[in-house]
Amino acid sequence: MKKPFVFGMVLMTLLALAIPVSAEYKATMKLATATAPDHPYNVGAQKFIDLIQERTNGRIQIKLYPALQLGKGEREMLEGVQQGAIDLLVTSTGPLGGFSPSINILDFPFLFRDFDHVDLVLDGPIGRKLLDDFEKANVKGLAFWENGFRHLTNSKGPVKTVADGQGLKIRTMENKVHLSAWKAAGFNPTPMAWGEVFTAMQQGVINGQENPIAVYYATKLWDAKQKYLSLTAHVYSPAPILMSKKVFDGMPPEDQALFSRTALEVAKFQRKINRDAEESRLQEVAGRGTTVVRDVDRESFRKAMAPVFDQFSGQFPKADIEAIMNAK
Ligand code: EAX
């Protein structure tokens with residue numbers, strides 16, 4: 001056998017061994033969100049996409065699908081991630097308890113003191129464990145991005161104390177802790193996928209809802225009669241970026257590390273842009289005619305919602321809840 005042929009064969013073999021076993025990358029991965037294009041989920045998602053494409057020299061391409069293009073709500077879109085129809089999803093944790101029950105511990109009212117407390121818990125071992133728990137649902141939890149502290153809006157009038165909102169028909173996420181908390185507070189809550197909320201408010205089926213300022217602003221909820229915004233800050237709503245575990249596991253280790261590292265890096269950026277814009281957005285919507293109730297009697301809401309801690313303590317050990325509440 002001639003030497004060049006042998007050399008060629010050896011070279012081919014070495015090259016074959018050197019190329020990482022690259023997954024069958026889809027031509028372009030799909031990243032979905034439920035919120036309007038200029039909402040911080042999508043600002044963060046675009047930065048994540050740009051960094052991944054830059055750091056892989058375009059080898060990995062990701063396309064963003066905001067505003068419920070890939071499902072009528074976040075629960076349905078996470079089902080899409082499990083089925084492989086969606087590769088990545090940025091979502092509030094509200095409707096995710098059916099996939100990973102432990103995540104609902106974050107949905108207790110008045111669990112977090114402020115943003116510093118949130119970062120301390122979510123960027124520490126408790127947050128890591130909650131992200132890792134998603135693996136049982138074939139979902140890879142990459143990092144906690146942010147939806148924000150949730151506030152009550154309604155079409156009827158200013159709500160300063162819990163007494164002002166008695167009987168108000170409000171939408172909650174499909175979340176048993178939230179539903180119970182608002183019932184305990186004397187409201188009339190209905191769970192609903194996000195894609196149904198705007199029309200339901202326009203039609204008067206519901207009179208209110210609760211969401212962070214960025215969602216109120218990006219979705220223009222004042223156009224759905226939500227003229228009253230009460231800064232209740234009754235729940236902190238995280239927004240993990242989640243990935244199909246099948247796709248993640250199919251990537252070579254260096255790409256897995258890149259996705260994890262980049263998602264964590266973008267978390268700090270995304271939370272900051274969300275927080276930095278809240279006050280200017282409040283002033284802008286007030287200028288447009290929204291009545292912003294800043295001096296909410298939050299203690300009246302906290303007391304009224306307190307029964308949910310006993311109601312769900314069996315599912316979420318009190319020790320875990322106290323570990324979060326007392327984290328310093
Ligand atoms: O994730 O369903 C909700 O109220 C969520 O906060 C919203 O879709 C953003």
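This is a predicted model: local features need pLDDT of at least 70, side-chain atom pairs count only at pLDDT 80 or more; totals for chains, interfaces and linings use all residues.
1. The lining has 13 residues, and the closest to the pocket's centre are Ser 102, Ile 105, Lys 129, Leu 130 and Asp 320. Helices α5 (125-132) and α14 (318-325) each supply at least two residues of this lining. By class, you will find eight nonpolar, two polar and three charged residues there.

2. **The largest nonpolar core.** This core has 69 residues. Those with the most contacts inside it are Leu 78, Ile 105, Leu 106, Phe 108, Phe 112, Phe 187 and Phe 301. Strand β8 (residues 228-244) gives the largest share, five residues. Domain 1 (2-147 + 237-277) and domain 2 (151-235 + 279-325) each contribute at least three residues to this core.

3. **Phe 108 and its partners.** Leaving aside neighbours within four places in sequence, Phe 108 is in contact with Val 177, Val 235, Val 308, Phe 309, Phe 312, Phe 316 and Ile 321.

4. **A second core.** There is also a separate core of 27 residues, with Leu 31, Ala 143, Ala 239 and Val 266 among them.

5. **The largest cavity.** The structure holds two cavities of 30 Å³ or more. The largest has a volume of about 100 Å³. Its lining consists of Ala 34, Thr 35, Tyr 41, Glu 74, Ser 92, Asn 147, Arg 150, Arg 171, Met 173, Trp 194, Asn 211 and Val 215. These residues divide into five nonpolar, four polar and three charged. The largest cavity lies between domain 1 (2-147 + 237-277) and domain 2 (151-235 + 279-325), because both give residues to its lining.

6. **The second largest cavity.** About 50 Å³ of space lies in this cavity. Glu 74, Arg 75, Pro 95, Arg 171, Met 173, Glu 174, Met 192, Ala 193 and Trp 194 line it. By class, the lining has five nonpolar and four charged residues, with no polar ones. Domain 1 (2-147 + 237-277) and domain 2 (151-235 + 279-325) both give residues to this lining too, so the second largest cavity lies between them.

Definitions and conventions: Residues are numbered from 1 along each chain as its sequence is written. Side-chain values use heavy atoms; hydrogens and water are left out. A nonpolar core is a set of buried Ala, Val, Leu, Ile, Met, Phe, Trp, Tyr and Cys residues joined through side-chain atoms within 4.5 Å. Buried means under 20% relative accessible area, exposed over 50%, partly exposed in between (1.4 Å probe, protein chains only). Helices (H or I, at least four residues) and strands (E, at least two) are DSSP runs, numbered from the N terminus. Domain bounds come from an automatic or database domain assignment. Contact means heavy atoms within 4.5 Å. On a 1 Å grid over the protein atoms alone, a cavity is a set of points where a 1.4 Å probe fits but cannot get out, and a pocket is an open set with protein on both sides within 12 Å along at least five of seven lines; lining residues have an atom within 4 Å of a point. Grid points are joined across faces, edges and corners, and a volume is the space filled by probe spheres set on the points. Ala, Val, Leu, Ile, Met, Phe, Trp, Tyr, Cys and Pro count as nonpolar, Asp, Glu, Lys and Arg as charged, and the others, Gly among them, as polar.
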